[in-house]
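Subject: Handover of the structure and notes on it

Dear colleague,

I am passing the structure below on to you, with my notes following it. Please read them with the coordinates open beside you.

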Amino acid sequence: MSHEKYMQRCLDLAVLGINSVSPNPMVGCVIVHHDKIIGEGYHQKFGEAHAEVNAIKSVFDAYGDKAPALLKEATVYVSLEPCAHYGKTPPCADLLVRHEVKQVVIGNTDPFTGVNGKGIEKLKNAGIEVITGVLAEKCTFINRRFFTRVTQNRPYIILKWAQTQNGFFAPLNKSKKWITGALAKQLNYKWRNEEDAILIGKNTALIDNPQLTSRIKGYKNPMRIVIDRNLEIPTKYHIYNTEAKTIVFNELKTEIKDNIHYIQMEDMHFYLPQKLAYQLYLMDIQSVIVEGGVNLLNQFITAGLWDEARIFTGNQIWHEGIEAPQIKGALLERLQLEHDELTILRPNRI
């Protein structure tokens with residue numbers, strides 16, 4: 001049980017990096033000596049020190065000259081296999097070997113080709129006892145974005161929409177009309193802080209004129225992705241402001257103007273979700289929220305290109321409207337938010 005307790009602490013630390021480490025994974029590390037935590041850390045920012053480095057530093061900060069001896073008798077818990085390659089930072093497996101730690105307990109092995117068992121091999125070759133698979137399912141879940149990008153060569157795709165109690169998505173007259181309440185709106189802002197990008201189609205931009213930002217102080221804004229084949233959205237609209245980088249996929253031009261990146265794509269009416277997924281992968285975008293409209297959402301559903309569907313159902317009943325997408329999946333979570341219900345589904349393939 002102690003292994004699970006300390007690994008859970010690793011996960012609690014790891015998620016603190018959710019808005020700053022992409023496209024790297026979230027990783028937490030806890031160092032234990034005689035059943036007492038003597039150091040801990042997590043990967044705080046892409047390109048900077050990994051969790052193991054921060055945890056070992058915390059031991060030296062706390063214990064000074066006594067740290068080397070303590071580390072030689074310590075167990076290091078880490079939610080993801082220590083890296084074994086030189087990237088933006090040196091290999092963490094080498095760091096653990098250099099400090100001659102007694103034991104390393106790992107949640108997940110790392111599917112990235114530069115690691116994928118090589119970190120574990122380095123540790124074992126140095127005589128360090130290695131235990132793997134502790135809370136593996138939980139560790140996989142927090143890094144589902146990273147694992148999807150590495151193993152499927154595409155971002156983790158979240159579909160999100162709101163619908164009325166009787167299944168309508170938007171008014172027929174293309175007007176803007178709110179379905180959900182304040183709590184749902186606040187949760188949306190939190191989600192935007194957690195993901196790399198947010199994607200909408202041309203009609204959603206024209207009707208709603210959304211900002212697609214997080215709004216809350218201290219939250220980052222996601223990259224805005226817009227589908228506008230013929231560049232019909234006026235440049236005075238919010239998506240063209242300077243609050244976030246905006247990618248406009250279109251069929252007319254490739255051009256960069258300050259924070260606006262136009263990317264030309266051929267034959268956008270064929271296999272659009274697949275083309276978008278691959279382009280975003282090439283841009284190191286690890287996760288994307290698809291917010292609509294209904295045609296774009298249905299294209300991703302039909303293509304089977306989605307990993308979560310987050311569906312708000314309000315308490316309103318409309319007599320007519322555009323029907324919301326139809327989707328089938330395994331229930332991940334259901335929450336009540338004042339008068340709204342949130343249902344989160346995952347594909348049945350998972």
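Leaving aside neighbours within four places in sequence, F249 is in contact with I225, V226, I227, D228, R229, I263, M265, M268, L276, Q279, L280 and M283, where contact means heavy atoms within 4.5 Å. This is a predicted model, in which local features need pLDDT of at least 70 and side-chain atom pairs count only at pLDDT 80 or more, while totals for chains, interfaces and linings use all residues. Residues are numbered from 1 along each chain as its sequence is written, and side-chain values use heavy atoms, with hydrogens and water left out.

F249 also belongs to the largest nonpolar core, which has 34 residues and in which L159 and F249 have the most contacts. Such a core is a set of buried Ala, Val, Leu, Ile, Met, Phe, Trp, Tyr and Cys residues joined through side-chain atoms within 4.5 Å, and buried means under 20% relative accessible area, against over 50% for exposed and in between for partly exposed (1.4 Å probe, protein chains only). The largest share of this core, 5 residues, comes from helix α11 (residues 294–303); helices (H or I, at least four residues) and strands (E, at least two) are DSSP runs, numbered from the N terminus.

Turning to the strands, β14 (residues 308–313) is largely enclosed by the rest of the structure, because 6 of its 6 residues are buried. E308, R310 and F312 point one way from β14, whereas A309, I311 and T313 point the other way. Two strands count as paired if DSSP finds at least two bridges between them. Strand β6 (residues 156–163) pairs with β14 in the parallel sense over 6 bridges, with A162 standing opposite F312. Strand β17 (residues 340–346), for its part, pairs with β14 in the antiparallel sense over 5 bridges, and L345 in β17 is the bridge partner of A309.

In helix α7 (residues 144–152), the buried residues are R144, R145, F146, F147, T148 and R149. The helix is followed by N153, whose phi is positive, near 55 degrees.

With best regards
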